[in-house]
Amino acid sequence: MNPALARHLQMLGLERAPFPPTPDAAAWFQTARLEAERVEAAHCLRTRAGFVLLTGEIGTGKSTFLRRLLVALGGEGMVTSLVFNTFLQGPDLLAAVLRDFGLEARGTPAADIDTLNRFLVQQWRAQVTCVLMIDDAQNLTLESLELLRLLTNLETGQEKLLQIVLAGQPELRANLEQPCIRQLTSRICKHVQLDVLAADEVQRYVHFRLDAAGNPSPGIRLRADAALALHRASGGNPRRIHQIMDRCLYGLYAMPAQARVIDPALVRTAAAEAGARPLARRLRRTRPALATAASLAGVLAATLLALALRGADSRAGDAPPAAAAMPLQATAAPAGDDHADWNDCLRRLGQAGVQVQAVTDAWLARLPTREGLCLQRLADGWQAGWRARLRAEDFLAAQDQRARVLAVQVLLQADGLYGGPLDGLYGPRMRAAIARFQQHSGLPSSGAPDPATLFLFDTLLAARAATSSTSPETQHHGNG
């Protein structure tokens, strides 16, 4: 038992706070759209394509998205500086950036920019990409935005030396549209817009957070009608959902374990106590510069990646590597909707790298085996959990780390979905092939390597490798 955990959470059998007031990247509710956005944002930074803009209302998860992006970039020849204190402006902001990169500020903007430029050139020569992330960027003054424009001018003549991520509330978008800094706005290569949760996502979100906190059997559950009440009271805003749900947990404190079900009355009472009111939803008015950057982001991501890696040697005769067909952990999948079985199954999978996502019957039908999979029946499909092996980041790997993507290309080619060269590149052909694969598998045909698509690839690769290793053509017989 965690002695620092609040007593009511301990009594509910939870291992950590499921609805904390601060960003919680360790238990990120990952939808296919969010994962695709994160992958494309990471790609723009790795390929030094420009800067990334992240906007969303208060409480929609901007800081959490940044932390997940940091995790995705970690250990891949990247150096990052993350600035949260945007009350620092102009020269003070520049000094903070230097300190976060481990540099010493010299006291004047000109000297500090020179220090930063020398550092960036040194990192560029070592093939290290430098990324600056600024949260709450809607607070930046015009002077600070102009400073960032100057920093984006630091380049080798071919590549930008500093990649920038600006995260902030929707008014940041309006700030960037000022004519005097239009050069900065023109360099946006990816605009991620975070939105509130839809009504049909709220119940899955709450159960995901509870399960990630160690929800015991029979567990705390949110009724479907209570989820609708929660959506109405919170407007789908995750931070407001946390405020209300935290109060709901107090209401369950004295109930016996088998009766810990949250109903609409408890939600309404908790919402009144938490003072939660839904935020008015803003109309999205996308100006031309930002609309162009956002609408072209998917095409730009694939095109830039293909251009960056086009010079690499590729061999059409390469066989898929054995490492791509790692065996899945054998884990029984519950046949029904027993919540105790679901929790027990997730625990057997472990905490690190576990994905949870709603899936369809068509997706399940494509699986050659359900080993390594946890299942729970939903009203309109299934909730599935599995341990991630093939990762979205694998599709953006360096030249010497493309074995897994090459194996996926061979798989898609064998199914008649991919007709390009077997080069391990995630370019336009590969994206189109994945979209066709997703369409056949009951998934949104985005062409992005989302978690449910990756699990299908994993299981199909493992099954084909097992079949190949046991077929008569691949067995070697001795002469004894």
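**Cys 44 and Cys 189**

I began with Cys 44, whose sulfur lies 3.2 Å from the closest cysteine sulfur, that of Cys 189, too far for a bond. I had looked for a disulfide, which is a pair of cysteine sulfur atoms within 2.5 Å. Cys 44 counts as buried at 1% relative accessibility, and Cys 189 is buried too, with a relative accessible area of 4%. Here buried means under 20% relative accessible area, exposed means over 50%, and partly exposed is in between (1.4 Å probe, protein chains only).

**A note on the model**

I kept in mind that this is a predicted model, where local features need pLDDT of at least 70 and side-chain atom pairs count only at pLDDT 80 or more, while totals for chains, interfaces and linings use all residues. Residues are numbered from 1 along each chain as its sequence is written, and side-chain values use heavy atoms, with hydrogens and water left out.

**The disulfide**

Next I asked myself: how many disulfides does the structure hold? I found one. Cys 345 is joined to Cys 374, with an S to S distance of 2.0 Å. The link of Cys 345 and Cys 374 is left-handed, with -90° about the S-S bond. This pair links distant parts of the chain, 29 residues apart: Cys 345 sits in helix H15 (residues 339-349) and Cys 374 in strand E9 (residues 373-378). Helices (H or I, at least four residues) and strands (E, at least two) are DSSP runs, numbered from the N terminus. Cys 345 is buried at 0% relative accessibility, and Cys 374 is buried at 0% as well.

**The sheet**

Then I turned to an open sheet of five strands, ordered E2-E3-E4-E1-E5 with parallel pairing. Two strands pair if DSSP finds at least two bridges between them. I noted strand E2 (78-83) and strand E5 (188-194) as the edge strands, each pairing on one side only. Six bridges join E2 to strand E3 (residues 129-134), and Thr 80 stands opposite Val 131 in E3.

**Val 165**

Where does Val 165 sit? I found Val 165 in strand E4 (residues 162-168). Val 165 counts as buried, at 1% relative accessibility. Not counting residues up to four places away in sequence, Val 165 touches several residues, including Leu 45, Val 52, Leu 66 and Val 131; contact means heavy atoms within 4.5 Å. I also looked up Leu 66, 99 residues from Val 165 along the chain, and found their C-alpha atoms separated by 8.7 Å.
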